Amino acid sequence: LHRHPSLAGPRGMIFPYSAAARCNNPADYRVHCAEKVELCRNVHPEPEAELGLCGIAVTAHDSTTTIALVRNEFDVDFTLSRIIVLGYSPDGVVPLLAADGCLMPPHSSDTGRRRFTFTLARSVDSLAIVLPCDSAQRFTLTGVYLDNDRSGISYHAIGVNGAAVKDYLKCPYLTHDLELLRPDMVVFGIGINDAAAPDFDTAVFRAEYRQLVDAVRSVNPQCAIVYITNNDSYRRVGHGRKQRYAANRKGEEARDVFYRLAAETDGVVWDQFEVMGGLHSMLKWQQAGLAQRDKVHFTRAGYQLVGDLFSDALIQAIEKD
């Protein structure tokens, strides 16, 4: 969208990650929240919140909580005129929206689907969600959908630190939220945490991925599926002073599963493992300042490079077809 800003449509689904401590947002928006909120993620063995597509939730309780969303990137026009707050309250708390100098209730509420819709008279690029909880009241926020009337590409990005494929299957409102998005293309990049587990099982990994794909195709049978293979990575072996890093060969096993999934689901693969240089390539990326010391995660520059390489490959494939 930075290359073709005229194609930018609604900003789409986001989550106010940094409303909770030790959580970071994407670069294009900032979040301010002075009140303390409870955080729930799908990586918990039994998440207390009833999660949706985002796989994460924050819960306000006992007092009014304000979560401000401020535009932080101006290269692409992401102004909005319709906002859908996703969440629920066992106490009947209804969220309010502060925007354009006004505090307003939702224009429509669907408590079954847990959606509260606000329509603005004119477009804005910043807003605040107000959760008016009194003593002993709670409201759990599971996502925010930013919409406008422009046609174009709407880009949704979700992710939870440490999450594996199975963790998204713990989200009971996953399909409900997918129905709201009805994506034309889904890019799956989950798997690095799966392959890091000592009991990694390729058959289970493949079966759980199929459940995610089935959920997507249940709302749009024609949805294009793109799989990004795991990056090369290392894991710690040994104990104490004898601890060292060893290449995680399970990344190669996961890579084979992605190709099988693509064949079974009429999807395509972007082979990040191969693009990096294959097994042991993470060391070269680290030496170049593109990967962190843990030999699993990239640096900011590394992630930007991976993103550029993927977007270039995607655009070339689209232009070729």
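Reader: Which residue lies over the face of Tyr 88?
Author: Arg 114 does, at 4.1 Å from the ring centre. A charge sits over a ring here if NZ of Lys or CZ of Arg is within 6 Å of the ring centre and within 35 degrees of the ring normal. Keep in mind that this is a predicted model, where local features need pLDDT of at least 70, side-chain atom pairs count only at pLDDT 80 or more, and totals for chains, interfaces and linings use all residues. Residues are numbered from 1 along each chain as its sequence is written, and side-chain values use heavy atoms, with hydrogens and water left out.
Reader: And what lies over the face of Tyr 245?
Author: That's Lys 295, at 4.2 Å from the ring centre.
Reader: OK, switching to ring pairs. How many aromatic pairs does a search of the whole structure find?
Author: 13. Rings of Phe, Tyr and Trp (its six-membered ring) pair if their centres lie within 6.5 Å; planes under 30 degrees apart count as stacked, over 60 as edge-to-face and the rest as tilted. Take Phe 205 and Tyr 209: their centres are 5.4 Å apart and their planes at 85°, so that pair is edge-to-face.
Reader: Where do Phe 205 and Tyr 209 lie?
Author: Both are in helix α4 (residues 202-219), four residues apart, about one turn of the helix. Helices are DSSP runs (H or I, at least four residues), numbered from the N terminus.
Reader: Buried or exposed?
Author: Both Phe 205 and Tyr 209 are buried, meaning under 20% relative accessible area (1.4 Å probe, protein chains only).
Reader: Which cluster includes them?
Author: One formed by Phe 188, Phe 200, Phe 205, Tyr 209, Tyr 227 and Phe 258.

How values were computed
Helix = DSSP H or I, 4+ residues; strand = E, 2+ residues; numbered from the N terminus. Buried < 20%, exposed > 50% of the residue type's maximum accessible area, 1.4 Å probe, protein only.
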